[in-house]
Structures are given as C-alpha cells and as structure tokens.
Amino acid sequence: MTTPAPITSLQNSHVKRLVRLRTRREREQEGVILIEGARELHRAAASGVNLDTLYTCPALFSPEAHALAPELTHPHLTVLELSRAAFEKVSGRENPDGLLGLAPTPRAALPEPGPDAVTVVLHGLEKPGNVGAILRTADAAGADAVIVLGRGADPYGPNVIRASQGSVFSLPVAVMDEQAAQDWLAARAFTTVACTPDAPRTYWDAPLTGRVALLLGTEHEGLPAHWRDTDHSVSIPMNAARGADSLNVATAAALVLFECARQRRTGSRA
C-alpha cells in the first residue's frame with residue numbers, strides 16, 4: 001500500500017502542494033478536491049469517487065482508517081506515506097486519523113426530477129459548517145439535489161466535506177449562477193418555497209408535496225427580493241417572549257426538509 005520510505009520533510013513538494021490546496025483558488029486551478037478522514041473517504045468511494053492519490057500516516061490510524069485503507073486501492077492510485085509531523089502539517093484537523101485523498105473535482109449533473117422531488121437552493125451561504133450541515137440533513141431527509149448559487153462556500157471544500165460527513169458525495173450538488181438555476185427550476189415546474197423569517201405562513205401550513213425547491217439565504221441578509229418572489233414563503237414560529245427571533249440556517253433547513261418528508265409520508269399538512 002505504501003512507499004518504502006515515508007515522506008518526512010516539511011519542505012517536500014507533496015507537503016507544500018497539500019498545504020496550498022487548502023485554499024479554494026489552488027483547488028480550482030488544479031481541478032482537485034481534498035478528502036480527509038476515514039468516514040468521508042468511505043462515503044466518497046461508495047459514491048464512485050476515484051482517488052488520484054492517497055496519503056497515509058499509519059501512526060495516526062484510527063481503527064476505521066486501518067480497516068478502510070486497503071479498500072481504497074485501485075490500479076491507478078498513487079499511495080504515499082507521510083510521517084506524523086508531515087501529516088499533521090497538511091491536515092486540517094486537530095486529531096487527524098491518518099488518511100487524506102486527492103480526487104478530481106466532481107461535476108455533478110442535476111437529475112431529472114421525479115414527481116415528488118425536493119431540491120434545496122442555497123443563496124450566498126459562506127460558512128462551510130452551515131453548508132455541510134445542510135448537505136448532511138438533505139441527504140438524511142431524502143432530498144434529491146442541492147443547488148449552490150454563485151460564490152458561496154465551496155461545496156467540495158475540506159470543511160464542507162467534513163461538516164457534511166461525506167454526504168456531499170451521496171446526492172447531486174451543483175454550483176450554478178442564479179439565472180441558470182431559476183431557468184432549471186421553472187422548466188421543470190418546481191413549486192418554489194422561500195424560507196424567510198417575515199413570512200406570515202408557518203412552514204407546516206404550506207403545501208410541500210410535489211416538486212418543491214426550498215430556498216435558503218444567509219442568516220444576516222436572508223434571500224434577495226428576486227428570490228422571495230416565489231410560490232410560497234414560509235417562516236418558523238419563534239418564542240418571541242424570550243427574545244428569540246431567528247434560527248441558525250442549518251437548523252431552519254432541517255425543520256423544513258423533514259416537514260417535506262413528513263408530508264410525503266402522510267400525504268397531508270395536518
């Protein structure tokens with residue numbers, strides 16, 4: 001699985017390259033993504049992602065990493081071993097498990113939606129933790145696709161991959177400009193649902209069956225006006241008596257996504 005001599009120098013070209021690839025610009029220029037961690041690499045492999053290079057550090061292996069490493073091999077895979085110091089230099093985690101892979105950037109095509117398809121549209125979200133959590137929830141709730149508009153958080157950035165627990169590889173995730181996204185949704189007759197705090201209708205009272213696109217904006221600005229002009233706008237009721245007036249966007253997404261799932265299961269808003 002590994003080279004005879006581990007890479008030990010922090011000035012080694014592989015180490016320097018991996019450090020550079022922690023920035024979005026470098027990843028986009030090379031057309032690659034970083035996938036770190038046994039869980040994330042397992043999800044990627046199960047979804048058909050083929051690694052170009054696998055970097056290992058057996059001294060840091062968790063039980064999961066030890067079991068997974070042999071399963072990741074394929075005829076065209078380059079496997080390189082790093083020393084503990086070198087791996088900790090390139091890792092983005094406090095407690096790395098000794099596995100990090102490079103793969104070509106996925107180019108997900110949006111599937112043609114079924115009659116009850118749910119698509120999540122993210123406008124301007126910049127925090128990787130929020131984007132990753134929404135991807136993880138969308139996967140768990142059975143959503144069919146996620147559209148990331150413009151230059152928000154990189155959906156294939158290492159922190160998004162980690163926050164999604166690898167779910168970014170399990171469902172189609174497309175980066176699109178706003179007009180292309182609007183055209184795609186309109187051509188397929190999606191009901192658009194803007195999630196916004198000032199909407200008079202609560203999310204559990206809105207019809208969320210059929211083809212539904214859930215629109216989510218940033219916590220501080222929300223959705224712009226041209227994305228709030230939708231079929232439905234929904235809000236999540238707050239306990240205003242105690243001063244609560246908003247939720248984290250990932251939490252809000254989870255509530256509405258699972259209400260979509262509930263309505264599909266029961267066939268009712270009740």
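Trainee: Which residues does Leu122 touch, not counting residues up to four places away in sequence?

Mentor: In this predicted model, Leu122 touches Val131, Ile134, Val146, Ile147, Val148, Leu149 and Leu216, with residues up to four places away in sequence left out of the list.

Trainee: How should such a set of contacts be read in general?

Mentor: In soluble globular proteins, nonpolar side chains tend to be buried together. Here the largest nonpolar core has 53 residues, and Ile35, Val120, Leu122, Val146 and Phe169 touch the most other members. Helix α10 supplies the largest share of this core, seven residues. There is also a second, separate core of 17 residues, including Ala117, Val121, Ile147 and Leu215.

Trainee: Which strands pair with β2, and in what sense?

Mentor: Strand β3 (residues 78-81) pairs with β2 in the parallel sense over four bridges, and Thr56 stands opposite Glu81 in β3. The chain passes from β2 to β3 through helix α4 (residues 63-68), in a β-α-β crossover that is right-handed. Strand β4 (residues 99-104) runs antiparallel to β2 and is joined to it by four bridges; there, Leu54 stands opposite Gly101.

Trainee: How can the length of a helix be checked, for example that of α6?

Mentor: One compares the expected span with the distance between the end C-alpha atoms. Helix α6 (residues 128-141) has 14 residues and, at 1.5 Å a residue, should span 20 Å; its end C-alpha atoms are 20 Å apart, so the two values agree. Just after α6, Gly142 takes a positive phi of about 85°.

Trainee: Which residues of α6 are buried, and what do they pack against?

Mentor: The buried residues of α6 are Asn130, Val131, Gly132, Ile134, Leu135, Thr137, Ala138 and Ala141. They pack against β5 (118-123), β6 (145-149), α7 (158-163), β7 (173-176) and α10 (249-266).

Trainee: Why does Thr192 count as buried?

Mentor: The cut-off for buried is under 20% relative accessible area. Thr192 has a relative accessibility of 15% and therefore counts as buried. This residue is found in strand β8 (residues 191-195) and touches Ala213, Leu215, Thr230, Asp231 and His232, when residues up to four places away in sequence are not counted.

Trainee: Where is Ala206 found, and is it buried or exposed?

Mentor: Ala206 is found in the loop between β8 and β9 (212-216). At 0% relative accessibility, Ala206 counts as buried. The C-alpha atoms of Ala206 and Gln263 are separated by 9.9 Å, and the two residues are 57 residues apart along the chain.

Trainee: Finally, how should the cysteines be read?

Mentor: A disulfide is a covalent bond between the sulfur atoms of two cysteines. A pair of cysteine sulfur atoms counts as a disulfide if the atoms are within 2.5 Å, and by this rule the count here comes to zero disulfides. For Cys260, the nearest cysteine sulfur is that of Cys195, 8.2 Å away, and Cys260 is in no disulfide. Cys260 is buried, with a relative accessible area of 2%. Cys57 is buried, its relative accessible area being 2%.

Conventions: Residues numbered from 1 in each chain as written. Predicted model: local features only at pLDDT ≥ 70, side-chain atom pairs only at ≥ 80, totals over all residues. Heavy atoms only, no water. Helix = DSSP H or I, 4+ residues; strand = E, 2+ residues; numbered from the N terminus. Expected span 1.5 Å × (residues − 1). Buried < 20%, exposed > 50% of the residue type's maximum accessible area, 1.4 Å probe, protein only. Contact = heavy atoms within 4.5 Å. Core = buried A, V, L, I, M, F, W, Y, C linked by side-chain atoms within 4.5 Å. Pairing = 2+ DSSP bridges. Right-handed = clockwise from strand over helix to strand, strands pointing away.
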